[in-house]
Amino acid sequence: MRAPGRLIAVGDVHGCLHALECLLKGVAPRPEDCLVFLGDLIDNGRDSAAVLDRILELRRQCQVVMVRGNHEELLLAVHEGEAALRYWEEVGGVNTLNSYRFGAGIDDIPEAHWVLLFDQVQYYETEQFIFTHANYVSDLPLVDHVEHELRWALFEPENLRPHHSGKTVIVGHTEQRNGEILDLGFAICIDTACWKHGWLTALEVHSRQVWQASRWGMMRTDGEPVLRERLMSAVDRGLVVSAGTGDGRTGLVD
Ligand SMILES: [Mn+2]
């Protein structure tokens with residue numbers, strides 16, 4: 001039996017608080033709705049700490065499922081030793097630490113956030129849908145998947161087949177730098193690269209209603225291209241100085 005509320009997947013937030021706030025305003029979650037965060041709530045963007053606080057608050061407003069991303073996996077591994085901590089810092093963790101306090105260390109992350117991260121699931125499955133962070137193996141039940149397939153493997157259309165269960169798979173992780181959802185019918189990637197001038201995407205999986213917001217907290221208008229493409233077309237038309245050759249203000253930085 002299908003649950004009464006909406007079932008809404010949310011792509012990789014990556015510390016983009018303004019995008020998340022904007023998206024939640026648009027979605028206006030009701031208590032019967034279920035929001036499935038596909039992982040990578042943290043790192044790269046500036047406001048990871050506030051994003052985790054917002055998720056804690058959201059859990060009092062509607063049902064929330066959090067699928068674990070590779071970035072959360074790296075953070076949870078920092079207690080294994082210095083090398084793990086250094087590696088996480090290099091792939092976006094420094095911004096997460098600075099979101100607690102400039103120059104913060106791992107001990108500055110509050111207990112409530114660790115508890116929240118430990119609540120993340122490996123994947124989420126309903127009667128019609130499968131949600132993972134990164135990818136899936138078409139002929140394997142989800143329970144037999146390993147962490148690489150769930151959280152690290154790139155979503156490459158040429159290598160994908162429908163999952164044997166017949167369920168539609170929803171994933172994040174593989175950045176769609178053009179800002180558009182990659183919809184293969186049997187599988188859909190909604191990581192539209194929010195922290196890199198793209199959008200944060202929410203998708204209601206039954207109705208296919210889509211919300212997209214920029215990291216500056218603006219809702220996408222119909223057909224609006226990502227900032228990267230607007231800038232590149234301005235460069236092509238000679239309206240702005242090309243990235244890297246001018247004063248830096250138009251530079252496109254990953
Ligand atoms: Mn990821």
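Two residues are in contact if their C-beta atoms, placed from the backbone, lie within 7 Å. The points below apply that definition to a predicted model.

1. Contacts across the sequence. Among the contacts in the chain with a separation of 6 or more, 65% are between residues 24 or more positions apart. Of the 254 residues in the chain, 37% are buried.

2. Overall dimensions. The C-alpha trace of the chain spans about 55 × 45 × 35 Å along its principal axes. A compact globule of 254 residues would have a radius of gyration near 18 Å, and the chain has 18 Å, so the two agree.

3. Secondary structure. The chain contains 7 helices and 10 strands.

4. The open sheet. An open sheet is formed by 5 strands, in the order β4-β5-β6-β8-β7, with mixed pairing. At its edges are β4 (124-125) and β7 (182-183), each of which pairs on one side only. Within this sheet, strand β5 (residues 129-131) and strand β6 (residues 168-171) run parallel and are joined by 3 bridges. Residue F131 stands opposite I170 in β6.

5. Strand β9 and its partners. Strand β9 (residues 200-204) has 4 of its 5 residues buried, and it is therefore largely enclosed by the rest of the structure. Strand β1 (residues 7-10) runs antiparallel to β9 and is joined to it by 3 bridges. Strand β10 (residues 210-213) is also antiparallel to β9, with 4 bridges between them. Residue L203 of β9 takes part in both pairings: L203 is the bridge partner of A9, and L203 stands opposite V210 in β10.

6. The β9-β10 hairpin. Strands β9 and β10 form a hairpin with 5 residues between them. In the turn, R208 has a positive phi of about 65 degrees. As background, most residues other than glycine have a negative phi.

7. Residue H14. Although H14 is not a glycine, its phi is positive, at about 45 degrees. H14 lies in the loop between β1 and α1 (17-27). The cut-off for a buried residue is 20 or more other C-beta atoms within 10 Å of its own. H14 has 31 other C-beta atoms within 10 Å and is therefore buried.

8. Residue N44. A positive phi, of about 70 degrees, is also found at N44, which is not a glycine. N44 counts as buried because it has 22 C-beta neighbours inside 10 Å.

9. Packing of α2 and α5. Two packed helices are described by the angle between their axes and the distance between the axes. For α2 and helix α5 (residues 111-118), the axes come within 10 Å and cross at roughly 70 degrees. Angles of 65 to 115 degrees count as roughly perpendicular, and α2 and α5 are therefore roughly perpendicular to each other. The crossing of α2 past α5 is left-handed. Residues L52, I55 and L56 of α2 make the contact with A112, H113 and L116 of α5.

Notes. Residues are numbered from 1 along each chain as its sequence is written. This is a predicted model: local features need pLDDT of at least 70, side-chain atom pairs count only at pLDDT 80 or more; totals for chains, interfaces and linings use all residues. Two strands pair if DSSP finds at least two bridges between them. Helices (H or I, at least four residues) and strands (E, at least two) are DSSP runs, numbered from the N terminus. The radius of gyration is taken over C-alpha atoms; the globule rule is 2.2 Å times the number of residues to the power 0.38. A residue is buried if 20 or more other C-beta atoms lie within 10 Å of its own, exposed if 12 or fewer, and partly exposed in between; C-beta atoms are placed from the backbone. Axes are lines fitted to C-alpha atoms, for helices over the stretch in contact, and angles run from 0 to 180 degrees between N-to-C directions. Angles under 35 degrees count as roughly parallel, over 145 as roughly antiparallel, 65 to 115 as roughly perpendicular and the rest as oblique. A crossing is left-handed if the near helix is turned anticlockwise from the far one by less than a right angle, and right-handed if clockwise.
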